[in-house]
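Student: Hi, could we go through the charged pairs in this one together? I'd like to start with how exposed they are.

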Amino acid sequence: MQKTILVIGATGMLGEPVARKLKEDGFKVRVLARDVSKAEKMFDEAFEIVRGDVLDTESLEKAIDGCFGVHINLSGEIEQQGVERVVSVASHKSVKRITYISGTSVFEENTWFPQTRQKYFAEKAIRESGIPYNIFCPTWFMESLPRYVKGNKAFAFGKNASPFHFVAARDYARMVSRSYKHEKAFNRRFFIHGPEGIPFRDALKRYCSVFHPEIKKISTYPYWFARIIAAIKRSKKMRFAVEFMKFFEKAGEGGDPTEANRLLGAPQTTLDQWLKQKKG
Ligand SMILES: NC(=O)c1ccc[n+]([C@@H]2O[C@H](COP(=O)([O-])OP(=O)(O)OC[C@H]3O[C@@H](n4cnc5c(N)ncnc54)[C@H](OP(=O)(O)O)[C@@H]3O)[C@@H](O)[C@H]2O)c1
């Protein structure tokens, strides 16, 4: 019988490719969506779409019913609470597997950063649930690069000269889906790193050379200056991006991808290949 996986956050940038890959690999995919019409525009009738919110336990109860697995792709201030709710409902249903997207720098020593703290405690709730799990800790996604271009400017903050092993969402989605089929791949934290280490500014430069050739240089602001601009613009998004980069400059790219690569097959897509595919 086909196994059903509930994908929470399937309308998100990194939830969508996972939902699609699970479907392609033979699972029945149920999508939990706050906004059903948005989900219906993204997914055809091969996907089952149910209305729900992770903060609404009743909707979660219905959505999780009959599912073999639950994949959680949440972001923002509700992430920890949302995961805790999902785990609490899943633990009295017959859920056999939980997968969750965390981050490459989620370690206790980095919990001073609010987003990392949320993920750290979300992971803890999953580990303590008793449900077999796989926690995915990916580094920077190539798909994030467009977020650092606004109009005819591309931005970077601070020094951030260390290389990150940018990964393509497609490779990550394949690894998540594979983990559901792998007998031995459970109760693990998988660090997902792409094939090449590239400093953020260089990756952004390469992205711009393909998609924004008019941008000749990356505007690089020191953190203090970027914070002032974010305050003047009252831009929460910019403020978050600044703090996020500063966090990464300090915390670095953590974890060892060896086990994930061995069990699930290493990500292969290079930045140049990804740019070429995206360009179409
Ligand atoms: N970008 C990177 O390079 C990177 C690297 C490593 C890890 N990550 C992590 O990956 C995670 C997912 O990222 P993303 O870009 O896919 O995030 P995203 O695009 O913001 O997607 C978040 C998803 O959560 C859903 N959601 C939010 N609140 C909800 C609620 N109360 N109930 C049910 N669904 C809710 C959203 O649904 P709506 O459509 O209704 O808003 C959306 O589908 C984040 O935690 C991020 O930290 C990202």
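**Charged pairs and a helix**

Tutor: Happy to! Arg206 has a relative accessible area of 25%, so it is partly exposed; buried means under 20% relative accessible area, exposed over 50%, and partly exposed in between (1.4 Å probe, protein chains only). This is a predicted model, where local features need pLDDT of at least 70, side-chain atom pairs count only at pLDDT 80 or more, and totals for chains, interfaces and linings use all residues. Residues are numbered from 1 along each chain as its sequence is written, and side-chain values use heavy atoms, with hydrogens and water left out.

Student: Which residue forms a salt bridge with Arg206?

Tutor: Asp272 does, with the closest N and O atoms 3.3 Å apart. A salt bridge here is a side-chain nitrogen of Lys or Arg within 4 Å of a carboxyl oxygen of Asp or Glu. Asp272 lies in helix α11 and Arg206 in helix α7, so the pair ties together parts 66 residues apart in sequence. Helices are DSSP runs (H or I, at least four residues), as are strands (E, at least two), numbered from the N terminus.

Student: And how many salt bridges by this rule?

Tutor: The count comes to 15. Among them, Arg20 pairs with Glu16 at 2.9 Å between the closest N and O atoms. These two are four residues apart in helix α1, about one helical turn.

Student: New topic: how many residues has helix α6?

Tutor: Helix α6 has 13 residues, 169-181. Its buried residues include Tyr172, Met175 and Tyr180.

Methods:
The expected span of a helix is 1.5 Å times one less than its number of residues.
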